Amino acid sequence: MADTPPGLPTWVKVTAIITALLVAVVVAVMLAGGGAHGPGQHVMSGRLAGNIGYGHG
Amino acid sequence: MTATMVPWVRRLLLTAHVTTAVGWTGAVLCFLALATVGVSSQDPGTVRGVYLVMEPVAWYVLVPLALMSLVIGVIQSLGTTWGLFRHYWVLIKLVMTVLATAVLLMYTKTVGVLADLAADPGVGLGAVRNPSPMLHAALALPLLLAATVLAVYKPRGVTGYGR
């Protein structure tokens, strides 16, 4: 590994770009859903509603 | 910090790490299959059963495998010349595993809520069905596969810390 040139390797740069794009897509989808990211957004009606927290989901 | 492990310990940890990491991926595949049945089955009993069984699968299979994979991987890296922060592939794999484990731990709350809904006969099937587990499993799968690819190919690249 000593012959590795200084600076970020190309595969790391490509991975970083792909990751950034994926994160942007996920954030956009979450925002498009109204920002309510959790089980409550699907099931807030009915008598269980009082017991449902906004966990990650 | 790098200590040298005796070969049999190194091999034992490698075996444990591969087993838990690949097992985690397999468990996510099973979870994805369950989640797909949950949103597509026409049988009410099957749909409720799927969301009920997701909770023990998450707590007794996914979470232990994720934590074991993470902890064993860290111990392994510190006991070999790879180190934890010296090589980009190890560092990126660590970040991916920590991220996946953290999301999984947070998601157990959602899985619990979905199981409670499924267990309540007063809740309609439309409220029991939820695409969220399928989405999360589908996102976890490529992440875990990418981590496996990194572990197998070990692409070159030394961090500033490792120089």
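The structure is a predicted model, with an ipTM of 0.73 and a pTM of 0.85. For chain B the average pLDDT is 95, and 98% of the residues reach a score of at least 70. The secondary structure of chain B consists of 5 helices and 0 strands, which gives the pattern α-α-α-α-α when read along the sequence. The C-alpha trace of chain B extends over about 60 × 30 × 20 Å along its principal axes.

**Helices 2 and 3**

Along its course, helix 2 of chain B bends by about 45 degrees at Ala58(B). Helix 3 of chain B, which runs through residues 88-119, has 32 residues that should span 46 Å at the same 1.5 Å a residue, and its end C-alpha atoms do lie 46 Å apart, which agrees. Helix 3 of chain B carries a kink of about 30 degrees, and this kink is centred on Tyr107(B).

**Packing around helix 2**

Helix 2 of chain B is in contact with helix 1 of chain B and also with helix 3 of chain B; the geometry of the two pairs is set out below.

| Pair in chain B | Angle | Axes |
|---|---|---|
| Helix 1 (residues 7-40) and helix 2 | roughly 160 degrees | within 8 Å |
| Helix 2 and helix 3 (residues 88-119) | about 160 degrees | 9 Å apart |

Because an angle over 145 degrees counts as roughly antiparallel, the crossing at roughly 160 degrees makes helix 1 of chain B roughly antiparallel to helix 2 of chain B. Helix 1 of chain B passes helix 2 of chain B in a left-handed crossing, and the residues of this contact divide into 25 nonpolar, 8 polar and no charged.

The angle of about 160 degrees between helix 2 and helix 3 of chain B likewise makes these two helices roughly antiparallel to each other. Their crossing is left-handed, and the residues of the contact between helix 2 and helix 3 of chain B comprise 22 nonpolar, 5 polar and 2 charged.

Definitions and conventions: Residues numbered from 1 in each chain as written. Chains lettered and ligands numbered in written order. Predicted model: local features only at pLDDT ≥ 70, side-chain atom pairs only at ≥ 80, totals over all residues. Heavy atoms only, no water. Bend = angle between axes of the 7 residues up to and from the residue. Helix = DSSP H or I, 4+ residues; strand = E, 2+ residues; numbered from the N terminus. Axes fitted to C-alpha atoms, helices over the stretch in contact; angles between N-to-C directions. Parallel < 35°, antiparallel > 145°, perpendicular 65-115°, else oblique. Left-handed = near helix turned anticlockwise from the far one by under 90°. Nonpolar A, V, L, I, M, F, W, Y, C, P; charged D, E, K, R; others polar. pLDDT = per-residue confidence, 0-100. Expected span 1.5 Å × (residues − 1).
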